[in-house]
Amino acid sequence: SYTTDTKSREENKKTLENLYSLSVDITKIRRVKEWVLLQDVAYVKEIAGILQEMGADETTVASIIEHCPEAILHTPAEINSQRALWQLVCQDAKQLIKLIEQFPESFFTTEYQENQKANILFFQELGLKNNIITRFLTSAPSIFYNPVEKNKNVIETLQRNYLNLGGSEANMKIWILKLLSQNLFILLNTSTTIQENLEFLQKNDFTDQEVLQLLSKLKGFIFQLNSTTMQKSILFSKNIFKCSDQELKQLVLKCPALLYYSVPVLEERLEGLLKEGISIAQIRETPMVLELTTQIVQYRIKKLSALGYDIKTGNLECLNGTKKDFEVTYGKIQSKKERPIFNPVAPLHIED
C-alpha cells in the first residue's frame, strides 16, 4: 500500500516542515524511501523528542531519521516500548542512543515486541552477557523475531548433541555460551539442519570426540552448511591432496575450512598459492593457509620476501593466523635478520 500509486499522491507538507525544522536532509529520504513522505500520519516531533530525551543531539537525530525514515511512522507508544526492551540489555542511555544511531533499522522494527522480550529474557537466563545480546539485537535482529520456543529448540538440540558426543554436563553451559558468542547466526538454523550435519560427519567416520572437536573449532559454521556442499568439498580436497580417508580426516581436523568453504573458494585459494610457487606438499603440511584469502596471502608473502624470506622453501606457518599473529611472526623474522651474525664482544680466533 505504501508503494502503489505514489506519483498521484503528494508529499505530506506537515511532515516536510517538521523534518526541515530538525535539519534532516530530505533529498536523501526522497532518493531511497520517498513513500515515507507520502503518508498521512507521521510522528516526526514525537520521535525526535524521545531520541533527544535519551541524549541524542540534533545531528544524531537527523542522522537516525535520514538512515531510517520509517522511524517517524511509528507511534510514540511503540518506540517507548522498544526503548524499555533495549534498556534491559543496555548499560545506560548513552550506549542505547549509540546503538540506535549505528543500527536504526534494528531498533525501529517494532512488530515483534513480545517475541523480542521473551528472547531477551531467555538469553539472560541462559547466561549470555548483555553485550553479546546487544550484538544479537543489532547484527541479527531476526533471531529475536522468532518465537522463543524456536530458539530454545535449537539450544536444546545443541546441548543434547554435546552430551551425546561425550561432552560433560559440567562444561556444557560454558561450551554453549562460547559457541553462541562466536557465531550468533547458529540460531537462524533449524534443529533438523544441525542434526543432519552432525550425522554427516559421523557417517564420514569422524569419532564422537572428533566431531566435538570440530564443533568447537568451526565456531558454529557447521550449522550453516549442508551435507551436499560438505561432500563436494571433501572429495575436492581428497583429489587435490591425493590422500586416504584417514589422512583427509586429519587434514579436516587441522583445518575445518576444508569443510565449510565451497569448492570454487578452495579452488581460487589453491590457485593463488600455487601461482606464488608454493607446492601442494607444503599446503598439505599446513592446510590452515587455505583459511586466508588470496589477497591476504599475496600481501604477507610480499612482506616476507622483502625480508629475504623465501616462502617456496620456508614454512607456510609464518603466513597463518590473524593480522596480529602475522605481525608477531613478521617481527620475529625481522629481528632475526637484523641481529649481528657474530658476537662483537666475543674473542676472535685468528690463526697465526
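Which helices each supply at least two residues of the lining of the second largest pocket? They are helix 15 and helix 16, where helices are DSSP runs (H or I, at least four residues) numbered from the N terminus. The model examined here is predicted, so local features need pLDDT of at least 70 and side-chain atom pairs count only at pLDDT 80 or more, while totals for chains, interfaces and linings use all residues. Residues are numbered from 1 along each chain as its sequence is written, and side-chain values use heavy atoms, with hydrogens and water left out.

Met230, Ser233, Ile234, Phe236, Ser237 and Phe241 are buried in helix 15, buried being under 20% relative accessible area and exposed over 50% (1.4 Å probe, protein chains only). These residues lie on the same side of helix 15, because they cover an arc of only 165° around the axis, taken from the directions from the helix axis to the C-beta atoms. Turned away from that buried side is a face with the exposed residues Lys232 and Asn239. The buried residues pack against helix 13 (191-203), helix 16 (245-254), helix 17 (257-260), helix 18 (263-275) and helix 19 (280-285), contact meaning heavy atoms within 4.5 Å.

Just after helix 15, Lys242 adopts a positive phi of about 45°.

Back to the pocket. The second largest pocket has a volume of about 190 Å³. Its lining includes Gln231, Ile234, Leu235 and Lys238, along with Asp245, Gln246, Leu248, Lys249 and Val252. Helix 16 contributes the largest share of this lining, five residues.

Elsewhere, Thr110 sits in the loop between helix 7 (104-107) and helix 8 (113-126). Thr110 counts as buried because its relative accessibility is 8%. Leaving aside residues up to four places away in sequence, Thr110 touches His74, Glu78, Ile79 and Gln82. With His74 there is also a side-chain to side-chain polar contact at 3.2 Å.

Ser63, in helix 4 (residues 58-67), is buried too, with a relative accessible area of 17%. The C-alpha atoms of Ser63 and Ser23 are separated by 9.5 Å, although the two residues are 40 residues apart along the chain.

Terms used
1 Å grid on protein atoms, 1.4 Å probe; cavity = no way out; pocket = protein on both sides within 12 Å on 5 of 7 lines; lining within 4 Å. Points joined across faces, edges and corners; volume = space filled by probe spheres on them. Polar contact = N/O pair within 3.5 Å; in protein donor to acceptor, adjacent residues only side chain to side chain.
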